Amino acid sequence: MVILANNVTTFDPKSGKHVGKNHNKLKEELLLKGFQPVKVTALWNHKGQTPFAIVEFGKEWDGFHNAMMLERSFQAEHCGKMDYLNLRQRDRGDRLFGWMAPGDDYNNFSDIFGKHLRDNGDLKTVSGKEAEDDRKAKKLVFGLANTLMLKNKDMNRQQANFTRLNEMAIAEQQKADEQMMHLAEEHKA
């Protein structure tokens with residue numbers, strides 16, 4: 001997941017809450033830049049919309065790649081996490097900042113995005129994801145090997161039954177041929 005920060009909000013006197021770009025607008029902007037978010041969630045608290053949003057990508061490697069590319073684009077524009085933390089609020093302007101959520105953000109109990117990350121995501125390292133994929137692949141191979149073994153046993157059983165049926169049919173045919181020969185000899189005599 002990617003954390004978006006500095007989504008500028010303004011006070012709406014009508015609702016009595018702060019509002020900024022909603023999740024659809026943020027997602028649309030990311031899509032226009034060539035990223036493929038699955039979901040964007042603008043984060044809210046009792047005062048209204050906060051300046052934070054969470055961008056979710058797929059849980060597979062394509063999603064990870066998209067999240068990395070988004071983080072790199074923010075870093076290239078000097079709008080990464082360190083840029084956000086090192087600038088005072090008034091110096092950030094209306095630029096959107098973003099970064100891929102690391103463990104310290106996931107375990108952050110004082111910010112609203114930490115709670116959202118813990119409630120809606122799972123923290124994985126690259127090596128952990130690789131190990132998970134490896135386990136899934138081994139489980140799949142084991143399942144396929146087991147299915148193949150069962151199919152082979154079934155085919156061998158059917159082949160044995162076919163051979164027995166065929167042997168019985170040949171024996172019956174020989175018996176019928178012998179009876180026909182015997183009847184033919186009796187009929188000649």
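Trainee: Which helix is aspartate 105 found in?

Mentor: Aspartate 105 sits in helix H5, which covers residues 103-106; a helix here is a DSSP run of H or I with at least four residues, a strand is a run of E with at least two, and both are numbered from the N terminus. Please keep in mind that this is a predicted model, in which local features need pLDDT of at least 70 and side-chain atom pairs count only at pLDDT 80 or more, while totals for chains, interfaces and linings use all residues. Residues are numbered from 1 along each chain as its sequence is written, and side-chain values use heavy atoms, with hydrogens and water left out.

Trainee: OK, and why does aspartate 105 count as buried?

Mentor: Aspartate 105 counts as buried because its relative accessibility is 4%, and buried means under 20% relative accessible area, with exposed over 50% and partly exposed in between, using a 1.4 Å probe and protein chains only.

Trainee: So what does aspartate 105 touch?

Mentor: If you set aside residues up to four places away in sequence, aspartate 105 touches Ile3, Lys81, Trp99, Phe113, Gly114 and Leu117, where contact means heavy atoms within 4.5 Å.

Trainee: Switching to valine 40, where is its place, and is it buried or exposed?

Mentor: Valine 40 belongs to strand E4, residues 39-45, and this valine is buried, because its relative accessible area is 5%.

Trainee: Which residues is valine 40 in contact with?

Mentor: Leaving out neighbours within four places in sequence, valine 40 is in contact with His23, Leu26, Lys27, Leu30, Ala53, Ile54 and Val55.

Trainee: And how many Å apart in space are valine 40 and alanine 67?

Mentor: From C-alpha to C-alpha, valine 40 and alanine 67 are 12 Å apart, and along the sequence they are separated by 27 residues.

Trainee: Let's zoom out a bit: what does the domain assignment give?

Mentor: It gives domain 1, running over 2-123, and domain 2, running over 124-188, with bounds that come from an automatic or database assignment. The C-alpha centres of domain 1 and domain 2 lie 59 Å apart.

Trainee: Which residues does UniProt list for "domain: XS"?

Mentor: The UniProt record, an unreviewed entry, lists residues 1-107 for "domain: XS"; its positions are given in the numbering used here, feature names are shortened, and annotations may be inferred rather than shown by experiment.
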